[in-house]
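Subject: The structure you asked about

Hello,

Here is the structure for you to open alongside this note. Have a look at it first, and then read on for what turned up.

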Amino acid sequence: MHSNAIAPIPLGDARYPAALAAISDPPPMLWTKGQPDSLHGPMVAVVGSRAASPYALEVARRLGRDLAHRQITVVSGMARGVDSAAHLGALDADGVTIAVFGCGVDVIYPREHAERAARIAEPGALVSEFPPGAAPWPACFPQRHRIISGLSLAVVIVEAAEKSGSLITARHALDQGREVLAVPGNILGGRNTGAHALLRDGAKIVESADDILEEIHLGMHDGIRESGFGIHGADESKLAKRASQDPVLLHMTLGESYDLDELSNECGMDRIKLLQRLLELELGGAVRRVEGGRFVRFRGPC
């Protein structure tokens, strides 16, 4: 699809992101501009202060770049400051990034980010629950926070004051069963009191992209580096053996479709962990998503 095309994706459509469909209040319609296929695969949100310090901007850009290098899609809100820096980092690495709008996807806000939005939409997508032409009213922006977290396996807070909107995203993430992580910062001036409060409450400290991958178990022992994704010329018998031992694939009959709740009951696995594993299996070619947000196992690598 051309990056200028706007596509509506209704809830229940196979193109609708499974992670977002799993939250308690998913948008009934998701408007996208760019590449709808970019909404599938492991995503991590990087958000923070609009009036960010130079330190926070550098950290956000570095995290965005390093996550993209590891084939993780970076999600943010394209606001000034940390959000924008995270998007830029992913673009620096020729990676994929998703910008969630609080207005129509054809209404660029802030206006100075028009060129950046166009760059994001080439490999990634601009996303909103608001229809084309919808104005950026202040009341709309808090709603988009649940979408940022809902798309993601984890939310990373890079510099947030006590009443920062990023903390709303963190609260949604906790309600949705996502991981919440935070970057420690300067204790002077109050710029990062919100993020430090999250750390005191148990959020994991982030110093590098590897800290994030370790927390969501991607790229580690059973993550995408050891899944079929990226394996070339691997011995088919080994792949078949691994598929037969996978705790999710063991409960899926070839050709039959399963919804998330049904499969969660079958596997005895938490829905969020199950969704994470299904995303890995989809990347590895062992599972496909079909209409209604259901998953089908087929004869492919693991």
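Predicted model: local features only at pLDDT ≥ 70, side-chain atom pairs only at ≥ 80, totals over all residues.

**Helices α5 and α6**

Two packed helices are described by the angle between their axes and the distance between the axes. Here, helix α5 covers residues 141-151 and helix α6 covers residues 165-175; their axes come within 8 Å and cross at roughly 50°. That angle makes α5 oblique to α6, and the crossing is right-handed. On the α5 side, the contact is made by P142, H145, R146, I148 and S149, and on the α6 side by G165, I168, T169, H172 and A173. By type, the residues of this contact split into 4 nonpolar, 5 polar and 1 charged.

**How enclosed is α5?**

Helix α5 is largely enclosed by the rest of the structure, because 9 of its 11 residues are buried. Those buried residues are F141, R144, H145, R146, I147, I148, S149, G150 and L151. What do they pack against? Besides α6, their partners are helix α1 (18-21) and the strands β3 (43-48), β4 (73-76), β5 (97-100) and β7 (154-158).

**The aromatic pair**

A search of the whole structure finds 1 aromatic pair. The ring centres of Y109 and F141 are 5.6 Å apart and the ring planes are at 50°, so the pair counts as tilted. This pair links distant parts of the chain, with Y109 in the loop between β5 and α4 (114-121) and F141 in helix α5, 32 residues apart. Are the two partners buried or exposed? Y109 is partly exposed, at 40% relative accessibility, whereas F141 is buried, with a relative accessible area of 13%.

**Two buried residues to look at**

L167 sits in helix α6 and counts as buried, at 11% relative accessibility. Leaving out residues up to four places away in sequence, L167 touches A160, A161, E162, G194 and L198. Its C-alpha atom is 8.5 Å from that of G48, although L167 and G48 are 119 residues apart along the chain.

S84 belongs to helix α3 (residues 82-92). At 5% relative accessibility, S84 counts as buried. Apart from its neighbours within four places in sequence, S84 is in contact with A79, H113 and R116.

Best wishes

Notes
Residues numbered from 1 in each chain as written. Heavy atoms only, no water. Axes fitted to C-alpha atoms, helices over the stretch in contact; angles between N-to-C directions. Helix = DSSP H or I, 4+ residues; strand = E, 2+ residues; numbered from the N terminus. Parallel < 35°, antiparallel > 145°, perpendicular 65-115°, else oblique. Left-handed = near helix turned anticlockwise from the far one by under 90°. Contact = heavy atoms within 4.5 Å. Nonpolar A, V, L, I, M, F, W, Y, C, P; charged D, E, K, R; others polar. Buried < 20%, exposed > 50% of the residue type's maximum accessible area, 1.4 Å probe, protein only. Phe/Tyr/Trp six-rings, centres within 6.5 Å; stacked < 30°, edge-to-face > 60°.
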